[in-house]
Amino acid sequence: METKIIRIDKDNYFNKILNYPAKVLNEGGLVAFPTETVYGLGANALDEDALLKIFEAKGRPADNPLIVHIANIDELDVLVEEYGLLEKKVISKFWPGPLTIIFKKKDIVPDIVTAGLDTVAIRMPSSKIARKLIELANIPLAAPSANLSGKPSPTVVDHVIEDLTGKIECIIDGGNCEVGLESTVLDLSGEIPTVLRPGGVTYEKLLEVIPNVIFDEALINKDMTPKSPGMKYVHYSPEAEVYILEYDELNSQKIFEINSLIKEKFINKKIGFMGSRQFVNKFNKNFTISLGNKEDLNEIASNLFNALRKFDEHDVEVVISESFKNEGMGVAIMNRLNKSAGYKTIKI
Ligand code: TXA
Ligand code: MG
């Protein structure tokens with residue numbers, strides 16, 4: 001299949017450039033599009049044949065449900081059962097934006113979207129291109145991240161092109177994604193509001209509106225089974241093996257120790273270091289990728305997936321990553337890092 005690439009300058013474009021991808025979606029095709037978190041791979045959320053193509057193109061397991069993206073609040077009532085005051089408060093505070101909410105679903109939502117669950121995940125993205133596309137297509141869009149299953153999610157269009165060219169009808173290039181990590185998944189369908197996946201909206205921000213919100217236990221104890229089906233899969237894995245470095249303090253003695261230990265452990269392997277600018281500067285005799293300023297976890301988050309893919313482009317075999325504070329955006333960063341490392345650490 002030929003994949004048409006549409007380049008858009010996100011600060012200066014005419015909506016009619018989105019007419020073609022909207023038509024593709026209406027005809028049951030697949031379109032990759034930018035959102036503020038990561039690129040999504042969209043299909044009509046009410047068309048089972050179109051939805052099947054998403055799973056095929058990504059090589060995604062069928063028991064991993066999809067997020068449905070909407071552009072206006074009216075579309076929500078078509079898809080989900082009646083909801084309460086809490087949902088209304090959360091929606092008015094965080095939508096549009098990087099928060100996915102789990103609701104009880106209506107029958108109109110096909111089982112293939114929800115992997116047979118009686119709940120559905122809904123998100124209203126803040127990306128103007130994404131919302132305009134949904135509006136023009138005039139249908140809700142089911143969209144997982146636009147990567148092959150298992151790979152880091154794409155935050156730049158080149159990674160979508162790499163993974164999906166020839167497999168889908170159209171890719172919209174809207175530049176780089178600002179947040180760089182996927183949305184927070186918040187389950188409001190049960191007794192206790194629960195974060196199933198940490199992401200673009202931090203736990204601290206949610207607490208301001210939902211005083212009793214908790215993390216799914218599987219996010220704290222990796223041996224528990226996650227409530228969100230997708231969280232159990234291997235994820236965000238580059239070809240390189242990733243290790244998270246754990247240390248108390250990085251003085252010159254420690255840096256010497258780390259360098260010797262790594263040389264011994266990974267004989268003849270190409271090693272790379274990843275972390276904040278302050279961290280990688282200490283290992284500059286090796287191949288390094290800086291994720292940004294240590295004090296700016298939003299910047300670190302926005303560069304993480306891109307960096308993981310860059311190591312592969314440079315045939316790095318072992319990546320040693322800094323570990324970050326488990327608070328604010330650090331929770332989402334450490335969640336993705338731990339998954340890409342398969343929870344492997346080096347303690348020093
Ligand atoms: O930022 C994002 O959320 C991106 C952009 C494209 O919007 N999308 C994304 O989709 O990350 P995906 O498919 O890669 O991740 C969806 C997550 C999975 O962990 C899935 O298991 C969970 O949402 N999920 C979807 N429906 C669910 C449901 N009914 N109950 C629990 N978890 C659900
Ligand atoms: Mg994904």
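A polar contact is a pair of N or O atoms within 3.5 Å; within protein, one must be able to donate a hydrogen and the other to accept it, and residues adjacent in sequence count only if both atoms are side-chain atoms. Keep that in mind as you explore this predicted model, where local features need pLDDT of at least 70, side-chain atom pairs count only at pLDDT 80 or more, and totals for chains, interfaces and linings use all residues. Residues are numbered from 1 along each chain as its sequence is written, chains are lettered from A and ligands numbered from 1 in the order in which they are written, and side-chain values use heavy atoms, with hydrogens and water left out.

**Stop 1: ligand 1**

Start by selecting ligand 1 and serine 228: a polar side-chain atom of the serine is 3.0 Å from a nitrogen atom of the ligand. The protein covers 97% of the 680 Å² of accessible area that ligand 1 has on its own (Shrake-Rupley method, 1.4 Å probe; for residues, only the protein chains shown count as cover).

For arginine 60, the distance from a side-chain N or O atom to an oxygen atom of the ligand is 2.8 Å. Both belong to the residues that come nearest among the 26 around ligand 1, a list that also has His69, Ser183 and Gly230 (a residue is near a molecule or strand if one of its heavy atoms lies within 4 Å of it).

Which element gives the most to the shell around ligand 1? Select strand 6, which provides 3 residues. Strands here are DSSP runs of E with at least two residues, helices are runs of H or I with at least four, and both are numbered from the N terminus.

**Stop 2: helix 2**

Move to helix 2, residues 48-58. Just past the helix, glycine 59 has a positive phi of about 65°.

**Stop 3: helix 6 and what follows**

Next, select residues 128-137, which form helix 6; Ile129, Ala130, Arg131, Leu133, Ile134 and Ala137 are buried there. Among the elements covering them are helix 1 (19-26), strand 2 (31-33) and strand 8 (170-173).

Step on to asparagine 138, in the loop between helix 6 and strand 7. Its phi is near 60°, a positive value in a residue other than glycine. Is asparagine 138 buried or exposed? At 66% relative accessibility, asparagine 138 counts as exposed.

**Stop 4**

Asparagine 268 sits in the loop between helix 10 (252-265) and strand 13 (271-275). Here phi is near 65°, again positive, and asparagine 268 is exposed at 77% relative accessibility.

For a cis peptide bond, select tryptophan 95 and proline 96, where omega is about -10°. Proline 96 is placed in the loop between helix 4 (85-94) and strand 5 (99-104).

**Last stop: lysine 205**

Finish in helix 8 (residues 203-209), where you will find lysine 205. This lysine is partly exposed, at a relative accessible area of 43%. Show glycine 328 too: 123 residues away along the chain, its C-alpha atom is 8.5 Å from that of lysine 205.

Terms used
Buried means under 20% relative accessible area, exposed over 50%, partly exposed in between (1.4 Å probe, protein chains only). Contact means heavy atoms within 4.5 Å.
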